[in-house]
Amino acid sequence: MTKELVIVESPTKARTIGRILGSGHTVIASLGHVRDLPKTRIGVDIKNDFSPEYVIPQDKRALVKEIKELAQDASTVYLATDPDREGEAISWHLIEAAGVDPKIVQRVVFHEITESAVKEAFEHPRALDMDLVDAQQARRVLDRLVGYELSPLVSKKLRWWGLSAGRVQSAALRIVVDREREVEAFIPVEHWSIGALLQKEGATGGKKANNSFTSHLHSKVGDKQALNIPDEASAKKLNDGLEGATFAVEKVQVRGVKQRPSAPFITSTLQQEAWRKLRYGARKTMSVAQQLYEGVTLGDQGSVGLITYMRTDSTNVAASAVQEARVHIKKAFGADYVPAQTRTYSRKVKGAQEAHEAIRPSSALRTPDRLRTFLNAEQHRLYDLIWKRFVASQMADAQVDRTTIDIHATAKSKQAYLFRATGSVLKFPGFRALYLEGQDDSDEDEAAKLLPTVAAGDALKNLGLESKQHFTEPPPRYSEASLVRSLEDKGIGRPSTYAAIVSTIQDRGYVQADRGRLTPTLLGKVVSDMLSSHFKQISDLNFTAKLEDELDEVAQGDRSWREMLSTFYGLFSTSIQEATENMPRQDIPTGETCELCGKPMNLKKNRWGSTFLSCSGFPECRNAKSTQVKTGVSCPDCGGDLMERKAKKGKRRSTFYGCSNYPTCNFAVNQKPVPEPCPECSGLMVQRGRITAKCTKCAYSEPLGSSEQSQGEEQEAEAVEA
DNA sequence: CAGTGAGCGAGCTTCCGCTTGACTT
């Protein structure tokens, strides 16, 4: 009997679909695209109406052959690739590459892999949507033209081989460079605050008692504007004037506030939260999530996929999963924690294609606790995060009472001041009993504090005034995760590429991560500026959003993809030509001067791929120095500077720290040295792991200095365990 | 696991987006 052939993209999906459809169907995975433009040449015949040249990559030949053979024996070939632009194109490439008879082809689409959704989809197949395929071809060809024409130009002008540029990576780079410029231009502004520790008159207990509370000077009574205290002198003047002032409660305002849970994870929010709570980079998060998706052997049940697909931009969730969550919530927390209505989340991400569900546990009933023995530590932590986020997303609102106490302080001079205290009380935890989203920026959260009960007219006792100095802070540098969020906001990149984008700009040497904070390198700044000044069209951060609108027109059948490309390329090729002729060749200045001839030193790359400083007077002056990064720590043997260095040998060129006086002194250590010497033997201390420092001479070790850690702006909100 | 590095100076990568294993030093 002839079988029906079903083609999906992922092997895990193939397994599940196979189970749902039963025998009579052969389900096979395409493993993504099976055809693409050739890697080694541009592969687009520009003069011939942008005709693409498609090839089947070596590692896909066998698969295509297998599909071809299966299709020859099949009565029907169902193309069940993902329901988006790329999925439609994968299907089309498949039948083209495998030479499948179009008469037996059917296209089916489903947005969730549940029995009902899949069966429903197979009852309503349709034909391939060539308009959608054409939109993908336009996207693919445009990216190829931009990437393969821009990259060599940048490389040539900077005399630096192997540089790259592209619609997406160059936008990501620009975002990082723009932020750095903001940080560089930022001038901190000083301001002061004055706090008063207060207590109800007649109450017992001193400063430490929990019936005391802190309030802050807000304004002069009668003034609408908050008081600005620019410097120490004015703070002291106010402080002195308030000595001996009388305090009384003017007004107490209590406002009931509802808090709603966050939407279940999509790729970008999972990457953000895994960074905030687990300090996993984008790559690591995706690879652990992939393991959970592909399945883990659970004792008796064999291999089970624990989460839904992890590359998604949709917060939609299958109705059956919501019901399961509600069952679990009722059992674990009680009926109060189950909202009357199921929650739906419809936050649309710009350019979202919504081909999959949100990232959720495949069953809410598989609690993290029950899986503990089957998962390794990383898998368990990430599963725990995904599970809690999803279950919480179906729980009741939290209810919080926000209290504001306005206090009048009357100074001896008779001047009246307004002090204000804020606090909040959790009346009903709701979803907060299980999960609370982490935060990027730590604005001092006064609102979390508990306030004692006071009423208007109550006289207050002043337990002490305190003035404090503050400075405004520059915007924080991006982490991989916050960069991904920014890209997503602008519709740049896709869930499957976020992790790769943040890797690419680092691999190219455009951006460096310092304790997770992305900082552009000299090279990165020069490349980015070069693109901004000569390729306005491409370097506009709205370019992708505009492109998506045009691709939509193609997908709707309102515009031809070749005409769209031709319009784009007209402008683009003019810029390329203009830049090729007029853009000057450029060096990468380092700001350092040659000590031999006084000319500026430039950054260059040698044939090993590592960078060095070269005198701009070359070849007259052959001075060259290595780009060493000082650690700021002295060599324990000779007092020279310890420098960060990279080993030449081996593929993963490991980092170590060696003396600047090499080869005279060949002191070296692998761990990063810390400035403070050992308190026991005054030997050199190095970092061991992330939080401890140990001595290289004796056995002494201690927690890493607090000065190291105070830089991380990202604080975690504490998740309350159920 | 331990040792790791000092002299480099224009050639053939490079794009984005969809998916997993395939490799050994």
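A cavity is a set of points, on a 1 Å grid over the protein atoms alone, where a 1.4 Å probe fits but cannot get out. In this structure, about 30 Å³ of space lies in the largest cavity, where a volume is the space filled by probe spheres set on the points and grid points are joined across faces, edges and corners. The model is predicted: local features need pLDDT of at least 70, side-chain atom pairs count only at pLDDT 80 or more, and totals for chains, interfaces and linings use all residues. Residues are numbered from 1 along each chain as its sequence is written, chains are lettered from A and ligands numbered from 1 in the order in which they are written, and side-chain values use heavy atoms, with hydrogens and water left out. Helices (H or I, at least four residues) and strands (E, at least two) are DSSP runs numbered from the N terminus.

**The cavity**

- One cavity of 30 Å³ or more is present in the structure.
- Its lining, made of residues with an atom within 4 Å of a point, consists of Arg167, Ala171, Ile492, Ile538, Asp540, Leu541, Phe543 and Thr544.
- Two or more lining residues come from each of helix 6 (167–185) and helix 17 (543–555).
- By class, the lining has five nonpolar residues, one polar and two charged; Ala, Val, Leu, Ile, Met, Phe, Trp, Tyr, Cys and Pro count as nonpolar, Asp, Glu, Lys and Arg as charged, and the others, Gly among them, as polar.

**Packing of helix 10 and helix 12**

- Two packed helices are described by the angle between their axes and the distance between the axes.
- Helix 10 (residues 319–333) packs on helix 12 (residues 377–392) at an angle of about 90°, and their axes are 9 Å apart; axes are lines fitted to C-alpha atoms, for helices over the stretch in contact, and angles run from 0 to 180 degrees between N-to-C directions.
- Helix 10 is therefore roughly perpendicular to helix 12, a term that covers angles of 65 to 115 degrees.
- In this contact (heavy atoms within 4.5 Å), Ala321, Val322, Ala325, His328 and Ile329 of helix 10 meet Trp387, Phe390 and Val391 of helix 12.
- The residues of the contact of helix 10 with helix 12 comprise seven nonpolar, one polar and no charged.

**The parallel sheet 2-1-5-6**

- Four strands form an open sheet in the order 2-1-5-6, with parallel pairing; two strands pair if DSSP finds at least two bridges between them.
- Strand 2 (25–29) and strand 6 (105–107) are the edge strands, each pairing on one side only.
- Neighbouring strands of this sheet are turned against each other by 25° on average, direction ignored.
- Strand 1 (residues 4–8) is joined to strand 5 (residues 76–79) in the parallel sense by four bridges, and Ile7 stands opposite Leu79 in strand 5.
- Helix 3 (residues 85–98) lies across strand 1, strand 5 and strand 6, and runs at about 175° to strand 6.

**The antiparallel sheet 25-26-27-28**

- A further open sheet of four strands has the order 25-26-27-28 and antiparallel pairing.
- Strand 25 (673–674) and strand 28 (701–703) stand at its edges with a single partner strand each, so one side of each is left without a neighbour in the sheet.
- Three bridges link strand 27 (residues 692–695) with strand 28 in the antiparallel sense; Ser701 in strand 28 is the bridge partner of Lys694.

**Other antiparallel pairs**

- Strand 15 (residues 511–514) and strand 16 (residues 517–520) pair over four bridges in the antiparallel sense, with Ala513 opposite Leu518 in strand 16.
- These strands 15 and 16 form a hairpin with two residues between them, and Arg515 in the turn has a positive phi of about 45°.
- Strand 8 (residues 212–220) runs antiparallel to strand 7 (residues 190–200), joined by five bridges, and four bridges join strand 8 to strand 13 (residues 416–428), also antiparallel.
- Within these pairings, Gly195 stands opposite His216 in strand 8, while Tyr417 in strand 13 is the bridge partner of Lys220.
- Strand 19 (residues 611–615) is joined by five bridges to strand 18 (residues 600–605), running antiparallel, and pairs with strand 20 (residues 624–626) in the antiparallel sense over three bridges.
- Leu613 in strand 19 is the bridge partner of Leu603, and Ala624 in strand 20 is the bridge partner of Ser614.

Conventions
On a 1 Å grid over the protein atoms alone, a cavity is a set of points where a 1.4 Å probe fits but cannot get out, and a pocket is an open set with protein on both sides within 12 Å along at least five of seven lines; lining residues have an atom within 4 Å of a point. Angles under 35 degrees count as roughly parallel, over 145 as roughly antiparallel, 65 to 115 as roughly perpendicular and the rest as oblique.
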